[in-house]
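Please consider the following points while viewing the structure. They treat the relation of the copies before the build of one chain.

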Number of protein chains: 2
Amino acid sequence: MKNYKILLAYDGGRYNGWQKQGNTENTIQERLERILSEIAGEEAEVFGSGRTDAGTHATGQVMNFHINWQATAEELLAAFNEKLPEDIAGLSIAEMPPRFHSRLSAKGKHYAYTIWNSKRPPVFWRKYAFWCKEALDVEKMQAAARFFPGEHDFKSFCANKRMKKSTVRRLDEIGFEQKGDRLILHFYGNGFLYQMVRILVGTLIEVGEGKRQPEEMSEILREKSREAAGFTAPSRGLCLREVFYTEEAKGGE
Amino acid sequence: MKNYKILLAYDGGRYNGWQKQGNTENTIQERLERILSEIAGEEAEVFGSGRTDAGTHATGQVMNFHINWQATAEELLAAFNEKLPEDIAGLSIAEMPPRFHSRLSAKGKHYAYTIWNSKRPPVFWRKYAFWCKEALDVEKMQAAARFFPGEHDFKSFCANKRMKKSTVRRLDEIGFEQKGDRLILHFYGNGFLYQMVRILVGTLIEVGEGKRQPEEMSEILREKSREAAGFTAPSRGLCLREVFYTEEAKGGE
């Protein structure tokens, strides 16, 4: 058995997210397992670096799987891409050490959230951005964003109210990028709770609209309650850009 | 009656091109006329700077129309955008002198054609680019492209075989831009025949694939026959970027 890692891009628009669970149909994981099982002629289980929500995109999702494969890794990637629908693609492949696991070996992630901030409709970005017509006060959003880097209990930014495990995460950076009509928020951290990025974005948008003050952020963190934070920005603006691994985990490349 | 010019962007993917003609349904022109007639409460006729084919996109199409309108131009644009489907948008508006006509006053156009040149599938560009898996020889394509600027009879690059009017056009420049996996070809000229850009692109791709030599281009021009040129590149890679007007025609801005 070999352990392969594939870097994936997908347009999440028509999928029910990454993870197959219970009766959920049409998930990306399920699609990929079916294709890899066909190619390998055996059941293949696929591990993603993390779930992405229904409608969320990826340009740098990482998955791994163990299969018997005699030809080269590049031939495996070509066979895989041949069978994929046009909204999912394998970008690169590497054989990894047996213990590499795309989720357990990950030490951090980069998510980007795209806001279309213009009166002009986002014709070519309508499926990849959240449209805010009114001009956002980006300086206030940046002031608010400065409250989040560091290790915090992000319970107020977690959509899973029955979460029993720790809701403490380390957020390393929130970066702002303006590209024409797009305002892109970049989130770097060691792990993200369920819908955490989308709730952070919704809260920052409310700051940008003047509905909240930057100083309220520390209060929201303290309350440890989903109700304290802002709305959940829609999934279509979110994209998993990159998963980071330790040098050790990257050994196979 | 006032004469308004609107700068338009649209994703042509689900439309049967710009122009309504005969029984053609679901054209962009027809959609826009219906919406403007609703807003103005009178029949409105819309003039585009030119037709775009079924599936072709625009980020800089120009149209004009004459209506009775009492409120401001910005209010007209807002009302228009309010009623548009999400794959069409009005980007800006200007009241023009009575004689301005978006097609007749145009002195030139800029079209861009996007080729996705990579083994990696174009997940996020699949609807806006033509995918060439094998590496194209861009230098040869550039050598071939140098045969076209100037005034020529482009009959070999015209899909309308019954064209009775002149097929002489002036092509000012073919520019090449590499942006990651995208190879973008920019065409500037005073006018373009039916599918001219797409046939030029198809022919240049055949040069890039080594199926034709750059020197053949002058022979193709001389033959004045559609059969002499290459294939018609698909419409989804084509985008009308800008329409140019004389200073006089721009008077109203």
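**Note on the two chains and their parts**

1. A rotation of 180° with 0.0 Å of shift along its axis places chain B on chain A, with an RMSD of 0.0 Å (the copies are superposed by least squares on the C-alpha atoms of residues with pLDDT of at least 70 in both). This is the relation of a two-fold axis. The same surface serves both copies, as 100% of the contact residues of chain B recur in chain A. Among the residues of chain B, B:Phe124 comes closest to the rotation axis, with its C-alpha at 5.3 Å.

2. The model is predicted; local features need pLDDT of at least 70, side-chain atom pairs count only at pLDDT 80 or more, and totals for chains, interfaces and linings use all residues. Residues are numbered from 1 along each chain as its sequence is written, while chains are lettered from A and ligands numbered from 1 in the order in which they are written.

3. Between the chains, 14 residues of chain B are in contact with 14 residues of chain A (contact: C-beta atoms, placed from the backbone, within 7 Å). On the side of chain B that touches chain A, the elements giving two or more residues are strand S1 (2–10) and strand S4 (88–96) of chain B. S4(B) supplies the largest share, three residues. Strands (E, at least two residues) and helices (H or I, at least four) are DSSP runs, numbered from the N terminus.

4. By class, this side of chain B has eight nonpolar, one polar and five charged residues. Here Ala, Val, Leu, Ile, Met, Phe, Trp, Tyr, Cys and Pro count as nonpolar, Asp, Glu, Lys and Arg as charged, and the others, Gly among them, as polar.

5. Chain A is assigned domain 1 (2–104) and domain 2 (106–242), with bounds from an automatic or database domain assignment. The centres of these domains, taken over C-alpha atoms, are 27 Å apart. In chain A, 15 residues of domain 1 are in contact with 12 residues of domain 2. The side of domain 1 that touches domain 2 in chain A has two nonpolar, 11 polar and two charged residues.

6. Chain A contains five helices and 10 strands. Its C-alpha trace spans about 60 × 40 × 35 Å along its principal axes. Among contacts in chain A between residues at least 6 apart in sequence, 71% join residues at least 24 apart.

Technical notes:
Two residues are in contact if their C-beta atoms, placed from the backbone, lie within 7 Å.
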